[in-house]
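Let's take a friendly walk through a structure, a few places at a time. Have the sequence and the coordinates open as you read.

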Amino acid sequence: DPEGKELALLIQARATSVLASSDKYSEIHLKQILAMAAREGLDLEGLDPKQSERAAKLLGAERLAWGELERNEKGFKLKAVVTDLRKLSRVEVQLGKELAQAVEAAATTLAHGVLRLDGVAGFKTPPPVSTKSDAAMVAFSHCYATVVRQPMGIENPAVLDAPELQTAVSQCKEALAADPKFAPASAALGLAQAILGNDAEALAALGPLKGADLEQPLYWIGRFWEVTRYQSNDAAEALLKEAIAKRPGFLLARSYLGELLDTLGKHPEATAVWREFAAVAPADPYVLGRLGKSLARQGKHEEALELTNKALGLEPRSREMRLQLASRSIDANKLDDALPVLTSLAEEPGSRGEVLLRLGWTYFLKGSPELAAPLFEKAIAKAKAPGEWRTRGRAHYDLALVHLKKSPARAEAALKASLQSGFKVKQLDPALTQLAQKLERAEMTRKGAPKTPPAVLPREVSLFPVDKFGEVDATADAI
């Protein structure tokens with residue numbers, strides 16, 4: 001039920017915003033939830049109670065609300081459970097067909113359910129209603145469902161579906177036409193325009209927001225995007241610090257700040273941010289894993305491994321934390337520790353091509369090319385999504401290294417396939433130099449036939465300029 005799915009997203013956003021405005025709770029933004037689900041392979045639409053509690057553990061959440069919307073002749077009925085993972089209470093409310101009222105009624109029910117669980121009477125000053133316009137809320141429900149799912153591309157470029165985002169822009173504008181003071185729609189519009197690269201339009205949408213409207217998380221995300229891309233990295237860092245100072249429970253801003261600093265190579269500063277984040281959210285495996293990764297980049301491998309093991313201990317089934325543990329083991333040159341972890345991940349249903357690629361590379365580093373080759377081939381077969389072209393290209397490249405000594409023809413075919421994928425390495429392995437030069441000469445001297453067409457890569461978006469190797473360059477000048 002598309003309408004029900006969009007209503008659920010709006011209820012989650014509004015209920016979280018209402019609770020965050022009390023200054024008693026930190027906010028786990030929907031973008032964090034969606035990112036976690038993607039990393040862990042969770043289907044958020046089909047979560048049962050046990051899976052919901054597992055999702056909470058993967059997020060480090062201390063309060064959880066889950067439930068379902070049932071359509072009936074009056075609209076939807078919300079049946080939900082609110083829990084602190086020890087005790088729980090059930091809430092239920094009939095929602096009418098007017099979407100604006102339904103969002104407020106459901107969000108208020110969930111928020112007060114959490115407050116009652118914690119023995120809090122309520123709000124001294126209730127947060128203002130976002131909009132009373134049903135037409136505005138209907139249009140915004142379509143817009144928000146698209147914008148909130150857009151990846152940010154801080155450390156790696158992300159595939160952009162420009163037509164889908166353009167449609168979201170039109171829907172946000174429709175919402176604002178119905179209610180020009182609808183702050184969430186302005187914030188979503190600003191972020192969508194910023195991702196599309198429409199700088200002036202983004203500023204026009206975000207600029208009028210003032211006072212309480214600045215509490216919108218999408219406002220800060222949109223401003224962060226704008227400032228990073230069109231001003232400076234220092235200005236982006238300052239903006240995120242301002243957001244955290246205003247709202248210490250704005251966990252998404254803490255995550256973006258840590259990622260930003262690590263991407264800029266400011267690893268000691270990033271480590272400090274991740275440590276502060278861990279103090280606020282001590283049960284969040286992702287934060288501890290990121291802290292470990294930041295430490296590993298400084299050569300502090302033992303502490304990195306200790307923290308990553310601690311993160312995995314919080315939720316031992318976590319795919320992401322097991323992958324991070326294997327990566328930290330490789331960083332520390334403990335290949336034998338990484339192998340069983342990667343092997344277990346590779347054997348799971350739905351394993352990603354990236355996992356197979358890392359497992360193959362670990363075997364290659366151990367001097368077992370015969371075990372690495374089939375894993376690289378499986379990685380190529382698995383990595384079918386447009387945004388996985390780097391995985392495919394790297395796997396072909398690694399296959400060229402594997403075949404070089406025993407089968408020069410297969411090595412040449414693999415290297416050619418890697419180049420045709422669009423993949424480039426900053427420093428070509430010396431063993432492949434002659435082969436790469438041979439392919440270049442053959443391409444330049446071909447007669448009677450068109451040259452090999454360049455790879456058609458998906459359109460990607462990134463906070464930072466992307467270099468010729470397909471990697472973000474945080475040191476380049478702002479766009």
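Leu85 sits in the loop that joins S2 to strand S3 (88-95); helices (H or I, at least four residues) and strands (E, at least two) are DSSP runs, numbered from the N terminus. The phi angle of Leu85 is near 70°, a positive value in a residue other than glycine. Leu85 has a relative accessible area of 31% and is partly exposed; buried means under 20% relative accessible area, exposed over 50%, and partly exposed in between (1.4 Å probe, protein chains only).

A word on the model: it is predicted, local features need pLDDT of at least 70, side-chain atom pairs count only at pLDDT 80 or more, and totals for chains, interfaces and linings use all residues. Residues are numbered from 1 along each chain as its sequence is written, and side-chain values use heavy atoms, with hydrogens and water left out.

## Phe76 in strand S2

Strand S2 (residues 75-83) holds Phe76, which is buried at a relative accessible area of 5%. Leaving aside neighbours within four places in sequence, Phe76 is in contact (heavy atoms within 4.5 Å) with residues including Asp1, Leu7, Leu69, Arg71, Val93 and Leu95. From Phe76 to Val341 there are 265 residues in sequence and 45 Å in space, C-alpha to C-alpha.

Val341 is among the buried residues of H16, together with Leu335, Ala338, Leu339, Leu342, Leu345 and Ala346. Helix H15 (319-331) and helix H17 (353-365) are included in what covers them. The 13 residues of H16 (residues 335-347) should span 18 Å at 1.5 Å a residue, which agrees with its end C-alpha atoms being 18 Å apart; the expected span is 1.5 Å times one less than the number of residues.

In the loop between H15 and H16 lies Asn333, whose phi is near 60°, a positive value in a residue other than glycine. Asn333 counts as exposed, at 61% relative accessibility.

## H20 against H21

How do the axes of H20 and H21 cross? The axes of helix H20 (residues 408-420) and helix H21 (residues 433-444) come within 10 Å and cross at roughly 65°, which makes H20 roughly perpendicular (65 to 115 degrees) to H21. On the H20 side the contact is made by Ala411, Glu412, Leu415, Lys416 and Leu419, and on the H21 side by Leu435, Ala436, Lys438 and Leu439.

His403, in helix H19 (residues 389-403), is buried with a relative accessible area of 11%. Not counting residues up to four places away in sequence, His403 touches Pro408, Arg410 and Ala411.

Methods: Axes are lines fitted to C-alpha atoms, for helices over the stretch in contact, and angles run from 0 to 180 degrees between N-to-C directions. Angles under 35 degrees count as roughly parallel, over 145 as roughly antiparallel, 65 to 115 as roughly perpendicular and the rest as oblique.
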